[in-house]
Amino acid sequence: QVQLVESGGGLVQAGGSLRLSCAASGRTFSNYAMGWFRQAPGKEREFVSAISSSGGTTAYADSVKGRFTISRDNAKNTVYLQMNSLKPEDTAVYYCAAQWSSYADSTYDHRSRYDYWGQGTQVTVSS
């Protein structure tokens, strides 16, 4: 089992920044590919960003490319999502997810690929 706890959400004005963190426990963090997803009211949970277990490969949804940056610190068992130039349409609950991966440089961009999820953290961007 892997336990995931997100933090760092909050209320920010459009154009502002937030950094989300996801702390993992329970298994060897460096064996897990990680992802960030978000879900707005009335919408499906959608992919935001992913990072391979090695940290060497990243992926982003087109809607956040150039504004968000995913990173991980395997020594701290933590994955981050730096969000800049935030827009009102970024408002959602943000979830981190983990998937054991035998391929150090693989990323996964669909929620069905992930076995473990955090409880989510609310991000609200005001216009």
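Begin by selecting Arg111, which in this predicted model is partly exposed, at 33% relative accessibility. Arg111 belongs to the loop between β9 and β10 (116–117), whereas Glu44 belongs to the loop between β4 and β5 (46–51), so the contact ties together parts separated by 67 residues in sequence. Glu44 counts as exposed, with a relative accessibility of 59%.

Now move to Arg38. This residue is buried, with a relative accessible area of 5%. Show Glu46 beside Arg38; a salt bridge joins them, with 2.6 Å between the closest N and O atoms. Glu46 itself is partly exposed, at 36% relative accessibility.

Arg38 lies in strand β4 (residues 32–39) and Asp90 in the loop between β8 and β9 (92–100), 52 residues apart. Both Arg38 and Asp90 are buried. Select Arg67 as well to display the network of salt bridges that links Arg38, Glu46, Arg67 and Asp90. The whole structure contains 5 salt bridges.

Finally, turn to the strands. Select β1 (residues 3–7) and β3 (residues 18–25), an antiparallel pair with 5 bridges. Within this pairing, Ser7 has Ser21 of β3 as its bridge partner.

Note on methods:
Residues are numbered from 1 along each chain as its sequence is written. This is a predicted model: local features need pLDDT of at least 70, side-chain atom pairs count only at pLDDT 80 or more; totals for chains, interfaces and linings use all residues. Side-chain values use heavy atoms; hydrogens and water are left out. Two strands pair if DSSP finds at least two bridges between them. Helices (H or I, at least four residues) and strands (E, at least two) are DSSP runs, numbered from the N terminus. A salt bridge is a side-chain nitrogen of Lys or Arg within 4 Å of a carboxyl oxygen of Asp or Glu. Buried means under 20% relative accessible area, exposed over 50%, partly exposed in between (1.4 Å probe, protein chains only).
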